[in-house]
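Hi everyone, thanks for coming. Let me put a structure up on the screen, and then I'll walk you through a few parts of it.

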Amino acid sequence: MELPLRTARLELRPFTEADLPAAHRIYSDPEVMLYVGHGPVRSESDTRGMLAAYAAHQAAHGYSFWAVVERATGALIGDAGLFLSQTIGPEAEVGYTLARSAWGRGYATEAARACLDAAFGPLGLDEVIALVVPDNARSLRVVARLGMAPDGRRHAYGREHLLFRRGRMAEHEQLLRTLYGAFNARDVDAVIAALHPDVDWPNAWEGGRVRGHDAVRDYWARQFAAIDPHVEPQAFATTEDGRVAVEVHQAVRSPSGELLADDTVTHLYTLRDGLVERMDVVE
């Protein structure tokens, strides 16, 4: 698998020697490490040992915890990746650790989703688990957004954790997650590529509906000039009539950043030939 992994806002790459000071500031922060592993590290040499262990795991297994870099600033903001659970496996565990300055921005979900895409894509893994301390409300929300299913409890890293699992996604879920990611990145060409040429799409902003690639493209151009929407899929289901229902959290801001709407809706998709033929919004 080729590194780095890139998302709309982040880059995941192997750690380097130059990352040591920034990594140590993160790993020695008691608040950051409250629910991570065995807690904060005590010395820079401990951090150096962690980074060496990540490099060894990468060499042995083809994946590891990677440095998470904010693309806009080039700043190291933490780690995210895949690791043999409790270092022995056999399960691969997804995890992340982010500096406090990076909290509340959706970075954990974005980074973890990139790790899962790598796990079920080029790495060819069949299943990934996550272990979350029960009091860690932030990470409980992240695993829900990732579509990971609860599977009891497990004692790990010296304390009790909730266990979550996720296997390979169905093709329709992969298609739609790719579509949402491209939409949030304003990669309109990538979204259009996921739509049937005769797509029937709701004009939820102005009212009515639009049909076909050109009409959808023009609609989004008008929309993006006036508002800044961000949509994050929360859960997927299949209806009795064969449509795909996606529970979506959407936040809409003005061009100046003012929050205009923050709610949850359901998107209903009709697929044809592996592409989106119609989408409906259910409030």
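I'll talk about a sheet, a pocket, a helix and one arginine.

First, some ground rules. This is a predicted model, where local features need pLDDT of at least 70 and side-chain atom pairs count only at pLDDT 80 or more, while totals for chains, interfaces and linings use all residues. Residues are numbered from 1 along each chain as its sequence is written, and side-chain values use heavy atoms, with hydrogens and water left out.

Let's begin with the sheet. Six strands make an open sheet in the order S10-S9-S14-S13-S12-S11, with mixed pairing. Its edge strands, S10 (209-211) and S11, each pair on one side only. From one strand to the next, the twist averages 20 degrees. Strands here are DSSP runs of E with at least two residues, helices are runs of H or I with at least four, and both are numbered from the N terminus. Two strands pair if DSSP finds at least two bridges between them.

Now look at S13 and S14: they run antiparallel and are joined by seven bridges. Contact means heavy atoms within 4.5 Å; angles run from 0 to 180 degrees between N-to-C directions, with axes fitted to C-alpha atoms, for helices over the stretch in contact.

Which residues lie nearest the centre of the second largest pocket? They are Ala204, Tyr219, Gln223, Gln250 and His267, out of 21 lining residues. Elements giving two or more residues to that lining include H7 (213-226), S12 (244-253) and S13 (259-272). A pocket, on a 1 Å grid over the protein atoms alone, is an open set of points where a 1.4 Å probe fits, with protein on both sides within 12 Å along at least five of seven lines; lining residues have an atom within 4 Å of a point.

Over to helix H1, residues 20-27: six of its eight residues are buried, so H1 is largely enclosed by the rest of the structure. Buried means under 20% relative accessible area, with a 1.4 Å probe and protein chains only. The cover over those buried residues includes H2 (44-61), S4 (76-84) and S5 (92-98).

Last, Arg113, in helix H3 (residues 107-120). Is Arg113 buried or exposed? Arg113 counts as buried, at 15% relative accessibility. Leaving out residues up to four places away in sequence, Arg113 touches Arg145, Leu146, Arg177, Glu232 and Pro233.

Definitions and conventions. Buried < 20%, exposed > 50% of the residue type's maximum accessible area, 1.4 Å probe, protein only.
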